[in-house]
Every structure is written in C-alpha cells, then in structure tokens.
Amino acid sequence: AARSPQPAARFLADALGADAAQRIAKEAAETSRRERRDYADVLLADEEVARQVDAQRLRACVDPGLYIGSSPWQVQRVLDALEVM
C-alpha cells in the first residue's frame, strides 16, 4: 500500500529540518511502494534518520492505524447524516 510522506515528514522536521524531512519522507514512500518494503524500515535505512530519530517513535508515527484508524467511524458518521436528509 502506498504511504503518504506527510506524517513522517512532520515527525522528521524537528530533527532534520523541513526541507530535508520532506525530501527523505517522499523518497522513502516511493522506495517503499516500488520495492514493497516497510516504510519505517526504508526511513530508518537512511543514515541521517537512523542517527537522529528514535526508531520506536518513528515506527509509531508512520503506523497507518493512527491516521486511518478512524475511517470506519467517519464513514458511519456520513451514512448517518445522509439518512437524516
């Protein structure tokens, strides 16, 4: 599954600066997709990321459950709203 580089870029920005974080996150997302590798593993393979960022916190940051976990609830909310119309 393709990953959005945004959550990782926001997380990495403090340690690496916004421009570098955006570039690294975007390249890692593409590599992850193309090579079918875990996104966090690709990010942590970058020496600068591995040196400056806590691996466990990074893995938690890019866990898709954090940003898509509420999707079923959001869909149900829309369906409920449509029933009222």
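Which residues form a nonpolar patch on the surface, and what accessible area do they have together?

## Surface patch

The patch is made up of Val-75, Val-78, Leu-79 and Leu-82, which together have about 360 Å² of accessible area. Patches consist of residues with over 30% relative accessible area and no salt bridge; nonpolar side chains (Val, Leu, Ile, Met, Phe, Trp, Tyr) are joined within 5 Å, and like charges within 9 Å. A salt bridge is a side-chain nitrogen of Lys or Arg within 4 Å of a carboxyl oxygen of Asp or Glu. Accessible areas come from the Shrake-Rupley method with a 1.4 Å probe, and for residues only the protein chains shown count as cover.

Val-78, a member of this patch, is placed in helix H7 (residues 71-84). Val-78 counts as partly exposed because its relative accessibility is 48%; buried means under 20% relative accessible area, exposed over 50%, and partly exposed in between (1.4 Å probe, protein chains only).

## Basis of the model

This is a predicted model, in which local features need pLDDT of at least 70 and side-chain atom pairs count only at pLDDT 80 or more, while totals for chains, interfaces and linings use all residues. Residues are numbered from 1 along each chain as its sequence is written, and side-chain values use heavy atoms, with hydrogens and water left out.

Helices (H or I, at least four residues) are DSSP runs numbered from the N terminus.

Not counting residues up to four places away in sequence, Val-49 touches Leu-12, Leu-16, Ile-24, Leu-43, Leu-44 and Leu-58, where contact means heavy atoms within 4.5 Å.

## Residues within the helices

In H1, the buried residues are Pro-7, Ala-8, Ala-9, Phe-11, Leu-12 and Leu-16. Gly-17 follows H1 and has a positive phi, near 90°.

Thr-31 belongs to helix H2 and counts as buried because its relative accessibility is 17%. Apart from neighbours within four places in sequence, Thr-31 contacts Arg-36, Arg-37 and Val-42.

Leu-44, in helix H3, is buried, with a relative accessible area of 18%. Its contacts, leaving aside neighbours within four places in sequence, are Val-49, Ala-50, Ala-55, Leu-58 and Arg-59. Leu-44 and Ala-55 lie 11 residues apart in sequence and 7.0 Å apart in space, C-alpha to C-alpha.

Conventions:
Helices (H or I, at least four residues) and strands (E, at least two) are DSSP runs, numbered from the N terminus.
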